Amino acid sequence: MADVIDYKIYGDDMQIVEIELDPSEGVRAEAGAMMYMEDGIMMQTSTDGGVFKGFKRMLTGESFFITTFYNAGTSKQHVAFSAPYPGKIIPLDLARVGGNFLCQKDSFLCAASGVDIEIAFTRKLGAGFFGGEGFILQRLVGDGMAFVHSGGTIIQKNLLPGETLRVDTGCIVAFSPSIDYDIQSVGGFKNALFGGEGLFLAKLTGPGIVFLQSLPLARLSDRLSSAGARHRDQKSGIGGIGGEILGGLFGGDKNF
C-alpha cells in the first residue's frame with residue numbers, strides 16, 4: 001500500500017505542492033523537481049528497480065533516476081515540489097479512480113511512496129503516429145496520491161458511456177484507462193490547410209475522466225520561438241541596426 005500523505009497546493013499560475021510526511025513516510029519525485037525540504041527529510045536517488053526501469057522511464061520523457069524523500073525524523077516534516085512551467089498541478093487520488101491512470105509523458109511530478117510509474121502504449125496505430133505524443137504514455141499505478149502537471153488552465157471532463165469529445169492532441173493531460181483514445185482527421189481541404197488546428201484531432205470516448213490543458217508545452221515553445229524569430233527580423237532591419245549602434249554607444253561599448 002502507498003503511504004497516506006497530506007498535501008497543500010500553493011500559487012496560481014506557477015504552483016507548488018507541499019507534502020506533509022509523518023515519520024517514516026516518503027514521496028517519490030522526478031529528479032530536479034524539489035523546491036525545499038525541512039530538517040529531517042532525507043533524499044535517496046536511484047533507478048528505482050534497476051537499469052531497465054530507468055530506461056523505461058527515459059522512454060516516457062522522465063529522467064533515468066527518481067528520487068525518494070522520506071521523513072527520517074520523529075515529527076511531521078514537509079517537502080515541496082515546483083511545477084516546471086506555468087500551469088496547474090492536478091492531484092490524483094488513485095484509490096478513487098480505480099487504481100491506475102494514464103497521463104502524457106513529461107507530466108508526472110511526484111507521488112506517495114508505493115505508487116508505481118510505469119510505461120504504457122497507445123493501443124491504436126493511428127493514435128501512436130498522429131497523436132502528438134507518440135505511442136508512449138505513463139501509467140500511474142497504486143492506491144495513493146499522485147500529482148501531475150499541466151500547462152495553462154485545467155478542465156476536467158466526465159464522459160458518459162459512448163459520449164465523445166474531440167480535442168487538440170497536445171491538450172490531453174491525463175485520462176482514465178476506460179477512455180477509448182483514437183485519432184480522427186480534421187476533414188475538409190481548407191480546414192486542414194488553413195484551420196490552424198493541425199491535420200488530426202484526438203477522439204476520446206467515455207466512460208471515464210479526462211483532464212485537458214489550455215497551454216501545452218509544445219504550443220508554448222512554438223509561440224516563444226515565433227516571437228524570437230520576429231524579434232530577430234526586426235533587429236535585422238535598418239531600425240534594428242540603428243538600435244544596436246545606439247545601444248552599444250550608451251551601453252559603454254568601446255567598439256563604437
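Pro207 is found in the loop between strands β18 (200-205) and β19 (208-213), strands here being DSSP runs of E with at least two residues and helices runs of H or I with at least four, numbered from the N terminus. The peptide bond that leads from Gly206 to Pro207 is cis, with omega near 20°. The model is a predicted one, in which local features need pLDDT of at least 70 and side-chain atom pairs count only at pLDDT 80 or more, whereas totals for chains, interfaces and linings use all residues. Residues are numbered from 1 along each chain as its sequence is written, and side-chain values use heavy atoms, with hydrogens and water left out.

Thr205 lies in strand β18. At 17% relative accessibility, Thr205 counts as buried (under 20% relative accessible area, with exposed meaning over 50% and partly exposed in between, for a 1.4 Å probe and protein chains only). Contacts, defined as heavy atoms within 4.5 Å, link Thr205 to Leu159, Gly162, Glu163, Thr164, Ser178, Ile179 and Asp180, residues up to four places away in sequence not being counted.

Two further loop residues were examined. Ser24 lies between β2 (16-21) and β3 (26-30), and its phi is near 75°, a positive value in a residue other than glycine. Ser24 is exposed, with a relative accessible area of 65%. Arg96 is placed in the loop between β8 (87-93) and β9 (100-104) and is likewise exposed, at a relative accessible area of 74%. The C-alpha atoms of Arg96 and Met145 are 9.7 Å apart in space, although 49 residues separate the two in sequence.

The chain as a whole has five helices and 19 strands. Of its 256 residues, 39% count as buried. The chain exposes about 13600 Å², of which carbon and sulfur atoms supply 57%; these areas come from the Shrake-Rupley method with a 1.4 Å probe, and for residues only the protein chains shown count as cover. Among contacts between residues at least 6 apart in sequence, 75% join residues at least 24 apart.

The interior was described in terms of nonpolar cores, each a set of buried Ala, Val, Leu, Ile, Met, Phe, Trp, Tyr and Cys residues joined through side-chain atoms within 4.5 Å. The largest nonpolar core has 35 residues, and those with the most contacts inside it are Ile19, Phe81 and Leu140. Strand β10 (residues 108-112) supplies the largest share of this core, five residues. Apart from it lies another core, of 15 residues, among them Val167, Tyr181, Val210 and Leu212. Beyond four places in sequence, Leu140 touches Leu92, Leu94, Gly99, Asn100, Phe101, Cys103, Phe108, Asp116, Ile117, Ala146 and Val148.

A search of the whole structure finds four aromatic pairs. Rings of Phe, Tyr and Trp (its six-membered ring) pair if their centres lie within 6.5 Å, with planes under 30 degrees apart counted as stacked, over 60 as edge-to-face and the rest as tilted. In one of the pairs, the ring centres of Tyr7 and Phe147 are 5.0 Å apart and the planes stand at 75°, so the arrangement is edge-to-face. Because Tyr7 lies in strand β1 (residues 6-10) and Phe147 in strand β13 (residues 145-151), this pair ties together parts that are 140 residues apart in sequence. Tyr7 counts as partly exposed at 35% relative accessibility, whereas Phe147 is buried at 0%. The rings of Phe69 and Phe81 also form an edge-to-face pair, since their centres are 5.3 Å apart and their planes at 70°. Phe69 belongs to strand β6 (residues 66-71) and Phe81 to strand β7 (residues 77-82), so the parts joined are twelve residues apart in sequence. Both Phe69 and Phe81 are buried.

The structure holds zero disulfides, a disulfide being a pair of cysteine sulfur atoms within 2.5 Å. Cys103 counts as buried at 1% relative accessibility, and Cys110 is buried at 0%.

The mean pLDDT of the chain is 76, and 65% of its residues reach 70 or more. Over residues 49-60 pLDDT stays under 50, and the model has 28 contacts beyond four places in sequence for them. Residues 125-131 also stay under 50, with 18 such contacts. Where pLDDT is low, the predicted coordinates should not be read in detail.

Technical notes:
pLDDT is the predictor's confidence in each residue, from 0 to 100.
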